[in-house]
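Me: Got a model to go through with you. Can we start with the strands and then move to the rings?

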Amino acid sequence: QVQLVESGGGLVQPGGSLRLSCAASGFIFSNYPMSWYRQAPGKERELVAAISDTGGLTNYADSVKGRFTVSRDNRKNTMYLQMNSLRPEDTAEYYCRTFYGRIYWGQGTQVTVSS
């Protein structure tokens, strides 16, 4: 069965950095695009970044362009989100997502940006 497991969240000061990981299993990871979403309290879940199956194409929300970088290692079945210059408004639960017959979500990892 498909499993997506996020890790790497935590509490960080404004201007700091975090790297999130999403470990995937149960499908041929290298054949499928992946994406990161986030959901802040009281807000809808929104797309943060997406990456193609080979990693050659990426897409970002305007709010994170130039600060976040999505990547993947198909040998390790893992996707990453490097987050730099973090802002309080980046505080949210971050989820990885894929489509394999249907949409699958990870359980999420909390990112809190606060001084």
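Me: Along strand S1, which side chains point to which face?
Reply: This is a predicted model. In S1 (residues 3–7) the side chains alternate. Leu4 and Glu6 point to one face and are buried.

Me: In what sense do S1 and S3 pair?
Reply: Antiparallel, over five bridges. Glu6 stands opposite Cys22 in S3.

Me: Switching to the core. How many residues does the largest nonpolar core have?
Reply: It has 30 residues. Those with the most contacts inside it are Trp36, Met79, Leu81, Met83 and Tyr94.

Me: And which elements give two or more residues to this core?
Reply: Strands S3 (18–25), S4, S5 (46–51), S7 (68–73), S8 (78–83), S9 and S11 (109–113). The largest share is four residues, and S3 provides it.

Me: OK, rings now. How many aromatic pairs does the structure hold?
Reply: Six. One of them is Tyr37 with Trp105, which is edge-to-face. Their centres are 5.0 Å apart, with 80 degrees between the planes.

Me: Where in the chain do those two sit?
Reply: In distant parts, 68 residues apart. Tyr37 is in S4 (residues 34–39) and Trp105 is in S10 (residues 103–105).

Me: Is Tyr37 buried or exposed?
Reply: Tyr37 counts as buried, because its relative accessibility is 17%. Trp105, at 34%, counts as partly exposed.

Me: What about Tyr95 and Trp105, how are those rings arranged?
Reply: Edge-to-face. The centres are 6.3 Å apart and the planes are at 80 degrees. That angle is over 60, so the pair gets the edge-to-face label. This pair also links distant parts of the chain: Tyr95 is in S9 (residues 92–99), Trp105 is in S10, and they are 10 residues apart. Tyr95 has 13% relative accessibility, so it counts as buried.

Me: Which charged end sits over the Trp105 ring?
Reply: That of Arg97, 5.7 Å from the ring centre. Elsewhere, the charged end of Arg102 sits over the ring of Tyr104, 3.8 Å from its centre.

Me: Last one. Which residues form an aromatic cluster?
Reply: Phe27, Phe29, Tyr32 and Tyr100 form one.

Conventions. Residues are numbered from 1 along each chain as its sequence is written. This is a predicted model: local features need pLDDT of at least 70, side-chain atom pairs count only at pLDDT 80 or more; totals for chains, interfaces and linings use all residues. Side-chain values use heavy atoms; hydrogens and water are left out. Rings of Phe, Tyr and Trp (its six-membered ring) pair if their centres lie within 6.5 Å; planes under 30 degrees apart count as stacked, over 60 as edge-to-face and the rest as tilted. Buried means under 20% relative accessible area, exposed over 50%, partly exposed in between (1.4 Å probe, protein chains only). A charge sits over a ring if NZ of Lys or CZ of Arg is within 6 Å of the ring centre and within 35 degrees of the ring normal. A nonpolar core is a set of buried Ala, Val, Leu, Ile, Met, Phe, Trp, Tyr and Cys residues joined through side-chain atoms within 4.5 Å. Two strands pair if DSSP finds at least two bridges between them.
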